[in-house]
Amino acid sequence: MIIHKLKSFIDTTFTFRINWNHFKSKLLLRYVLSYILIFLIPLTGVTAFVYDSAVSGLRTEIEQSNINQLNQVKMTIDSRIAELRELSGRIAYDRRLTPYMVHDSYYRVEAIQALANYKANSSIIEDIFIYYHNDPVIYSYRGLTNVNVTFDSFYRYENWSLKDIIVALNETNQMFIRPAENVTINGSRQEAMLTVIVPIKPNAPYPYGSVVYMVKESNLTGVMDSILSDFTGSSYIFNQNDEVLTASNHGVTLSQENLGSLAALDAGIHNLSMNNDKYSVVSVKSGENGWNYMTIMPSYQFFSRVAHVQTLILLVFGIAVITGVLAAFVLARRQYHPIKDLMEFAKLSVNDTPEPKTRSEWDWIRQTLHDYSARIDMQEPFVRNQCMLLLLKHGKPDDPEIERMIAGVGLELSQDQVMYFCVILSWEEADEAEDGQNDRQQMQALLSHVEPTGLHANIHGVEFSADNQFALIVSLPDPGQDSLKLRMEQIIQAVQGLISENTRLDPSMGVGTPYRDLGQLNQSFIEAATALEHRMVGSSRITYFAQLAEQNHPVAKGVWLPRKSLLKLEQSLKQGNESVAVQIIAEMMETIRSEPLQIHLLRCICFDLLNALLRSASEVGMNEAFSSISDYTSFETLEEFEDKLLSLTTEICEKVERNHEQAAPKLIDDIVHYVNQQFADYTLSLEHVALKFSVSTSYLSRSFKEKTGTSFSQYIWKRRMEEVIRLLVTTSAPLKEIIEQVGYLDAPNFIRKFKKETGLTPGQYRKQHCSSSLDI
């Protein structure tokens, strides 16, 4: 009751006084554990000493009591066995039980009655027989019967054959006691019985017969249990040959091997470990017949006899522990206060001021935070490129975290009305010369982020998977519809000028339509790709998607789908961009529905849209679409036609993705080469590589393993391990610097994995292999 009330009080105190958010700090937990251990270790030692002292005395008292009781058992059973020996002597000298008297038909009745009287004189005898050597008949208090009948029908032993019984009856020349075993009586029930054979005359060199006593095992164990009335273990009697004569098991069952260990013990008190359990054994030995009397009980059972001492000690220990834990929490919270300064510091933005030398643990933690901040800055270009690539491929995702990252890139301006459009730069096939590669790298560095003077525009460069191409995302305040085209031309001219001034490249440019919604930037990207692919030969190297509409040749009073929409649709299909393609189809179908057209003209316009999809299917190699062309041309309503178009769109985009993935040999070779070059980049991941090469992560994981024989993560680990081993053996650089150099930030974890794989820590590996190199 006291413990429950105390626990309730503690729970209430913790609820109102302790801020559980603090336990997110490992340092606080270390403080708490330290204080707990400071008082818990000595408290536990003192408690263990007091407990052992209190219990040891009681153990000795209990075991001495068991010895006294066991001695009483020994004396009682020894006296019963002595009675049997004395009874055999009286039978041997009884004139009524001589062979002549027993065989005589007249005196036989008197002999049988005499046997009955002898049986009645002993409380442990179940049955008594008298047998004369080489006689087929055996005599009992019930009469005479054949030996074979007695020990084959009336008493049948489980492990003692009739032949062996007859041999024992005829050849026994000293008292013999067979250990208890199951005996089937009269073919109906079983009883555990001991068999005692005493030759007559006792101690005679040539006995002429034997007296056989049948003794129930329960008669002996009953004597033991009555004396050991409050004993909760098991008791055994071993004969002089270390065989178990009888046993009384109370919850402790031992194997034959363990029983052999018990039989070998000397008289006294023993503590044994058997079957992973500890036992207390008390043994006394009979000087009269050489028997061992033993009791055995699990050591933990004696604690039930000292429950009051145990309860008191544990109660005091529990109260002390609870009080100490509360004190530990209070002290740990006070020690935790300096961490608040660190938490406030973490909320501040990192500046460029020189960092002080580390003089204490707190300065070291502060310095570590600066180091991690610097590493995060190193990762910003990759994060920036990935965010903008998401915009170009899939539009603005509905994810608050990604939106926050996009805002951090600086694409969204503070003005209410902002226009966004995409530009794709393309140059001729890659020049293998080093100067050409340097020009392209310099151009990409220049255009990573540009703010042209006087144009109030932001330009962000984006690397994507297409060869010899580079994308630009342009954001500018909305200048109005009349000035928008002029402002776009000025921005493109500024980009051209920047490229020509710093490099020898003269790339072609495709310019998409400007949109007010950043989420529609993927539309402008498709339009820029369409414009680039359909640029007019012989004209300027700059093609605006809006110019493609000027190539339409209008038909008199006809309603036709805009050519630029069809081109944009085909481009989105060839790129596998299903979301843009579906949106374009929806817009064109809405245009068709809004115009009152004759049925024949309507079908022609629908077929024009279908032809655009079929051309795209043919270009990506999806020839199976033409085998079911009749299914696409037969429709009753525009809704049915639109569903068929959307179904075909999905199939084309899936085919594009499969084609892209099946360009396997060179693509996977390029990926492996890229990983070999970038394995030391700690931002390298399966997702990063998949996005860079425009393949799915599942395809990349599967193909990479087929190519290299190991998984992506195992390959990275192997390359880093090889580089660490090389640097350990060939340089004297500090271990931490080497680990960071190969792209691993968690040095302790790396060291554990290194030791698991090589059997040595990095320091041991360096020492061993450097020594080996010197020896050579």
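Analyst: Let us begin with a charge and a ring. The charged end of K753 sits over the ring of W717, 4.4 Å from the ring centre. The criterion is that NZ of Lys or CZ of Arg lies within 6 Å of the ring centre and within 35 degrees of the ring normal. R719 likewise lies over the face of F679, at 4.4 Å from the centre of that ring. This is a predicted model, in which local features need pLDDT of at least 70 and side-chain atom pairs count only at pLDDT 80 or more, while totals for chains, interfaces and linings use all residues. Residues are numbered from 1 along each chain as its sequence is written, and side-chain values use heavy atoms, with hydrogens and water left out.

User: How many aromatic pairs does the structure hold?

Analyst: A pair of aromatic rings is described by the distance of the centres and the angle of the planes. The structure holds 17 such pairs. The rings of F750 and F754 have centres 6.2 Å apart and planes at 35°, so this pair is tilted. Here rings of Phe, Tyr and Trp (its six-membered ring) pair if their centres lie within 6.5 Å; planes under 30 degrees apart count as stacked, over 60 as edge-to-face and the rest as tilted. One aromatic cluster is formed by F129, F151, F154, Y155, Y157, W160 and F176.

User: Are F750 and F754 buried or exposed?

Analyst: Both F750 and F754 are buried (under 20% relative accessible area, with exposed over 50% and partly exposed in between, for a 1.4 Å probe and protein chains only). These two residues are 4 apart in helix α27 (residues 747-758), so about one helical turn separates them. Helices (H or I, at least four residues) and strands (E, at least two) are DSSP runs, numbered from the N terminus.

User: In which order do the strands of the open sheet lie?

Analyst: Strands of a sheet pair through backbone hydrogen bonds, either parallel or antiparallel. In this open sheet, 5 strands follow the order β9-β8-β12-β11-β10, with antiparallel pairing; two strands pair if DSSP finds at least two bridges between them. The edge strands, β9 (244-248) and β10 (268-274), each pair on one side only. β10 is joined to β11 (residues 277-285) by 7 bridges, and L272 stands opposite Y279 in β11.

User: Which strands does helix α8 touch?

Analyst: Helix α8 (residues 256-263) packs on the sheet and touches β8, β9, β10, β11 and β12 (292-298). Contact means heavy atoms within 4.5 Å.

How values were computed: Axes fitted to C-alpha atoms, helices over the stretch in contact; angles between N-to-C directions.
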